Amino acid sequence: MSLPTEIDLKKLVQHIKLTAKSLGFQQIGITDVDLSQHHSDLDQWLAKNYHGEMDYLARNLELRKHPELLHLGTQRIISVRMDYLPEDAKFAASLKDDQQAYISRYALGRDYHKLMRKRLNQLAKAISEFCQQQLNTRPFVDSAPVLERQLATKAGLGWTGKHSLLINQDAGSWFFLGELFIDLPLPIDQAVNQQCGDCVACLTICPTQAIVEPYQVDARRCISYLTIEYDGVIDEQLRPLMGNRIYGCDDCQLVCPWNRYAQLSQEADFAARGQLNQVRLLELFAWTEQEFLKHTEGSAIRRIGFQQWMRNIAIALGNANYDESILAALQNKQGLGEIAQLHVDWAITQQQTKAAKNARKTARLIRIIEKGLSRDA
């Protein structure tokens, strides 16, 4: 294939960035395929088993480390970001009310994978049309062994925060990432400087202390991992720390000072769905599997399945303050799988323990009042 001249490549990059903006991407950056600076960090993280049971992260390491092997002919990677923060997110209210379900903000709307992949394909088509020849491109959105954060960092979209997420000085961290592999030697963008400074807010706020040190997350303690990626029995010591978070956790992003600059998403598909936004735990716990599939159609939540969904809600109900209706709902729940039922049983015990504690407090208060009345008499 004959390549455009260097001048044409510069014009092409301008065209790519303008087209990307018109397709709804807030920013793009271009990088080469050399990730050698990240190889050691990845190896050490895996050696510590911080990936938990996400075995796929330890597979295809050569493809992760060498993206040009993942799609032969790739010379550059176009990294894109798309803001997803929904309007009227009401973070604090959702976390403060222990009977309301907290769902990570990224999952309140439609699943982003198809939308972004479609837009990346449209971008690839626009590039080919500009070059007047068919190019060798391939889009990725969490769909292959791609070190997307490392690529985005090299492409200048932001820097890696101490919580291991990408931070952009103008947009915070509430955005999705995607990549378009391409077989052209496009001019590359420069990485930006790390700007977290001495801030450790994300480390201190993490409910389970999963950020074991700056830039190091032990997934085995991370609520996002536990509620989404892990389908087994959750450690009893971690369950109370999960609060009412039933799908993901945003605490490290909520406390990050750079998110004061976050922009609301302009994508209608990312708007919060009514059946998932600001909804009571008991309402979700009453869903049948058919209702779960119906209400999560087109949502990222659907992939965890009904049993894991019920497991997560059961833990949240166990963590809520005692409520007679919660205890009744837990005791009446039938037909769940073994793992989900184990967590329901745990939640029942938690509610019963709180009920007994409340009864003891009430009894003590009554005795104090009666004692006071007898003295007055």
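The legends below describe close-up views of a predicted model. Local features are taken where pLDDT is at least 70 and side-chain atom pairs where it is 80 or more, while totals for chains, interfaces and linings use all residues. Residues are numbered from 1 along each chain as its sequence is written, and side-chain values use heavy atoms, with hydrogens and water left out.

View 1. Strand β7 covers residues 175-182. Helices (H or I, at least four residues) and strands (E, at least two) are DSSP runs, numbered from the N terminus. Because 8 of the 8 residues of β7 are buried, the strand is largely enclosed by the rest of the structure. Buried means under 20% relative accessible area, exposed means over 50%, and partly exposed lies in between (1.4 Å probe, protein chains only). In a regular strand the side chains alternate between the two faces of the sheet. In β7, one side carries F175, L177, E179 and F181, and the other carries F176, G178, L180 and I182; both faces are covered.

**View 2. The strands paired with β7.** Two strands pair if DSSP finds at least two bridges between them. Strand β2 (residues 76-83) runs antiparallel to β7 and is joined to it by 8 bridges. Strand β4 (residues 137-140) is also antiparallel to β7, with 4 bridges. F181 of β7 stands opposite I77, and F181 is also the bridge partner of R138.

**View 3. L186 and the largest nonpolar core.** A nonpolar core is a set of buried Ala, Val, Leu, Ile, Met, Phe, Trp, Tyr and Cys residues joined through side-chain atoms within 4.5 Å. The largest one has 103 residues, and those touching the most other members are I78, I127, L186, I246, Y247 and W309. In soluble globular proteins, nonpolar side chains tend to be buried together. Contact means heavy atoms within 4.5 Å. Leaving aside neighbours within four places in sequence, L186 is in contact with L9, L12, V13, I16, I30, R76 and I78.

**View 4. Four cysteines listed in UniProt.** An unreviewed UniProt entry lists C206, C222, C249 and C252 under "binding site". These four span 47 residues in sequence, yet no two of their C-alpha atoms are more than 10.8 Å apart, so they gather at one spot. UniProt positions are given in the numbering used here, feature names are shortened, and annotations may be inferred rather than shown by experiment. C206 sits in the loop between α8 (201-205) and β8 (211-213) and is buried, with a relative accessible area of 11%. C222 lies in the loop between β9 (216-217) and α9 (223-229) and is buried at 19%.

**View 5. Helix α6 and H113.** The 20 residues of α6 (residues 112-131) should span 28 Å, which agrees with the 29 Å between its end C-alpha atoms. The expected span is 1.5 Å times one less than the number of residues. Among the buried residues of α6 are Y112, H113, L115 and M116. The side chain of H113 makes a polar contact of 3.4 Å with that of Y112 and another of 3.3 Å with that of D142. A polar contact is a pair of N or O atoms within 3.5 Å; within protein, one must be able to donate a hydrogen and the other to accept it, and residues adjacent in sequence count only if both atoms are side-chain atoms. Just after α6, Q132 takes a positive phi of about 60°.
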